[in-house]
Amino acid sequence: MTELLAYDGSGIDGGFYTTVTGWAQDTPHWLDKTIDVWSNLGLGLFALFMLWAWWQARRADSVVMARVLASPVIVVVAYLANSVLKSLVHEVRPCQQLPSTVTVETCPGPGTGRSRATTR
């Protein structure tokens, strides 16, 4: 499959990027941990909310039930579309162009997916 080069990174000056990564570096540990837990468990919590919505909607009319049942399908379709687009479009990440910046998560190497390891 052919990759599209969406952005080659040549125009990154690093000003705003280093400001944002500086904010992330200065956040308290408890906030980092909260965001990490949410990113790992949030999708499961949304799945429980969708199940609860289905349970509530089963007493409603068919239009409401169809909307509730469409929610998880839409989430899965959006996830799959995102995965396909990521595999087709190659974009140089700022952490690859500006290696001296400190990132919250490990900067993946060129052509690799996201990593969950923390570098702080």
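User: How do I read the accessibility of Val-64: is it buried, exposed or in between?

Analyst: Start with the scale: buried is under 20% relative accessible area, exposed is over 50%, and partly exposed lies in between (1.4 Å probe, protein chains only). Val-64 has 33% relative accessibility, so it counts as partly exposed. This is a predicted model, where local features need pLDDT of at least 70, side-chain atom pairs count only at pLDDT 80 or more, and totals for chains, interfaces and linings use all residues. Residues are numbered from 1 along each chain as its sequence is written, and side-chain values use heavy atoms, with hydrogens and water left out.

User: Which element holds Val-64, and how far is Val-64 from Trp-54 in space?

Analyst: Helices (H or I, at least four residues) and strands (E, at least two) are DSSP runs, numbered from the N terminus. Val-64 lies in helix 3. Between Val-64 and Trp-54 there are 9.3 Å in space, C-alpha to C-alpha, and the two are 10 residues apart in sequence.

User: What is the order of the elements in the whole protein?

Analyst: From the N terminus on, they run β-α-α-α-β-α, with 4 helices and 2 strands in the protein. Of its 120 residues, 11% count as buried.

User: Where would I find a buried residue, and what does Thr-21 touch?

Analyst: Contact means heavy atoms within 4.5 Å. Thr-21, in helix 1 (residues 15–26), is buried, with a relative accessible area of 13%. Leaving aside neighbours within four places in sequence, Thr-21 is in contact with Thr-101 and Val-102.

User: How do I read a nonpolar surface patch, and which residues make the one here?

Analyst: Patches are made of residues with over 30% relative accessible area and no salt bridge; like charges are joined within 9 Å, and nonpolar side chains (Val, Leu, Ile, Met, Phe, Trp, Tyr) within 5 Å. A salt bridge is a side-chain nitrogen of Lys or Arg within 4 Å of a carboxyl oxygen of Asp or Glu. Areas come from the Shrake-Rupley method with a 1.4 Å probe; for residues, only the protein chains shown count as cover. Here a nonpolar patch of about 1,100 Å² is made by Trp-38, Leu-43, Leu-45, Phe-46, Leu-48, Phe-49, Leu-51, Trp-54, Trp-55, Leu-69 and Val-75. Helix 2 (29–57) and helix 3 (62–88) each supply at least two of the patch residues, and helix 2 gives the most, with 9. Leu-45, for example, is in helix 2 and is partly exposed at 32% relative accessibility.

User: How many aromatic pairs are there in the whole structure?

Analyst: Rings of Phe, Tyr and Trp (its six-membered ring) pair if their centres lie within 6.5 Å; planes under 30 degrees apart count as stacked, over 60 as edge-to-face and the rest as tilted. The search finds 3 aromatic pairs. In one of them, the ring centres of Trp-38 and Phe-46 are 5.9 Å apart with planes at 75 degrees, so the pair is edge-to-face. Phe-46 also pairs edge-to-face with Phe-49, at 6.4 Å centre to centre and 70 degrees between the planes. Phe-46 and Phe-49 are 3 residues apart in helix 2, so about one helical turn separates them. Trp-38, Phe-46 and Phe-49 form one aromatic cluster.

User: What sits over the ring of Trp-55?

Analyst: A charge sits over a ring if NZ of Lys or CZ of Arg is within 6 Å of the ring centre and within 35 degrees of the ring normal. For Trp-55, the charged end of Arg-58 does this, 3.5 Å from the ring centre.
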